[in-house]
Amino acid sequence: MSFPRNCLAALALTFSALSAHAADFTVTSSDIKDGQTLSIAQVFNGFGCMGANRSPQLSWSGAPAGTKSFAVTLYDPDAPTGSGWWHWTVFNLPASTTSLPGGIDAKGRGLPAGAVQGRTDFGSSGFGGACPPQGDKPHRYQLVIWALKTENLPLDAQASGAMLGYFLNASALGQARLTAYYGRDLPHAK
């Protein structure tokens, strides 16, 4: 079975357009640098880790046209759970939002009105910093800003990362991401 040449051309143009959008949508942070090691400020305080457990400052720009809200996720795909580890989820951020301050607490102080922090894999809402097992290689911490085509997701603060991920993938117009690393055996972690 052959695929018509004009369909292939249309797919190539669509992929090219999405790639251009992805290149324009970027996130920066004064606390997290892409490809670098997390500072002790973004490390959990518990489970044998002694960090400041402070959410990072974030700024983003270049969101795709039609964006009606944003979400933020911080996920560790290397956690030895079989399903990774959700460290932070924030959703229903208004489309006018272009930054978040550092140090947003579990009650959401610092978030715009209407924004919600979901439940992390630590079992509560709010930021939960990095804390991989002792002896593991450094884990990846994927921070993603999601541009969404809906104003509100029908979820509350008890929403798990997996449930949020389902809704995010169904509503995503684009993503901007940073990936940082952390291991408890790294020199600055001790």
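These legends describe close-up views of a predicted model.

**View 1. A three-stranded open sheet.** The sheet holds 3 strands in the order β1-β4-β7. Their pairing is antiparallel. β1 (26-28) and β7 (99-100) stand at the edges. Each has a single partner strand, so one side of each is left without a neighbour in the sheet.

**View 2. The pairing of β4 with β7.** Strand β4 covers residues 58-61. β4 and β7 run in the antiparallel sense and pair over 2 bridges. Look for Ser59, which stands opposite Ser99 in β7.

**View 3. A stacked pair of phenylalanines.** The structure has 9 aromatic pairs. One of them joins Phe44 and Phe122, whose ring centres are 3.9 Å apart. Their planes meet at 5°, so the pair is stacked; the cut-off for stacking is under 30 degrees. Phe44 counts as buried, at 13% relative accessibility.

**View 4. An edge-to-face pair.** Here the rings of Tyr166 and Phe167 have their centres 5.6 Å apart. The planes stand at 85°, so this pair is edge-to-face; that label applies over 60 degrees. Is Tyr166 buried or exposed? Tyr166 is exposed, with a relative accessible area of 61%. Phe167 is partly exposed, with a relative accessible area of 22%.

**View 5. A cluster of aromatic rings.** Which residues do ring pairs link into a cluster? They are Phe44, Phe47, Trp85 and Phe122. The stacked pair of Phe44 and Phe122 belongs to this cluster.

**View 6. The disulfide of Cys49 and Cys131.** The structure holds 1 disulfide. Cys49 and Cys131 form this bond, with their sulfur atoms 2.1 Å apart. The torsion about the S-S bond is about 95°, so the disulfide is right-handed. Cys49 lies in strand β3 (residues 49-50). Cys131 lies in the loop between β8 and β9. The pair therefore ties together parts that are 82 residues apart in sequence.

View 7. Are Cys49 and Cys131 buried or exposed? Cys49 counts as buried, at 5% relative accessibility. Cys131 is buried too, with a relative accessible area of 14%. Both values fall under 20%, the cut-off for buried.

Definitions and conventions: Residues numbered from 1 in each chain as written. Predicted model: local features only at pLDDT ≥ 70, side-chain atom pairs only at ≥ 80, totals over all residues. Heavy atoms only, no water. Pairing = 2+ DSSP bridges. Helix = DSSP H or I, 4+ residues; strand = E, 2+ residues; numbered from the N terminus. Phe/Tyr/Trp six-rings, centres within 6.5 Å; stacked < 30°, edge-to-face > 60°. Buried < 20%, exposed > 50% of the residue type's maximum accessible area, 1.4 Å probe, protein only. Disulfide = S-S within 2.5 Å.
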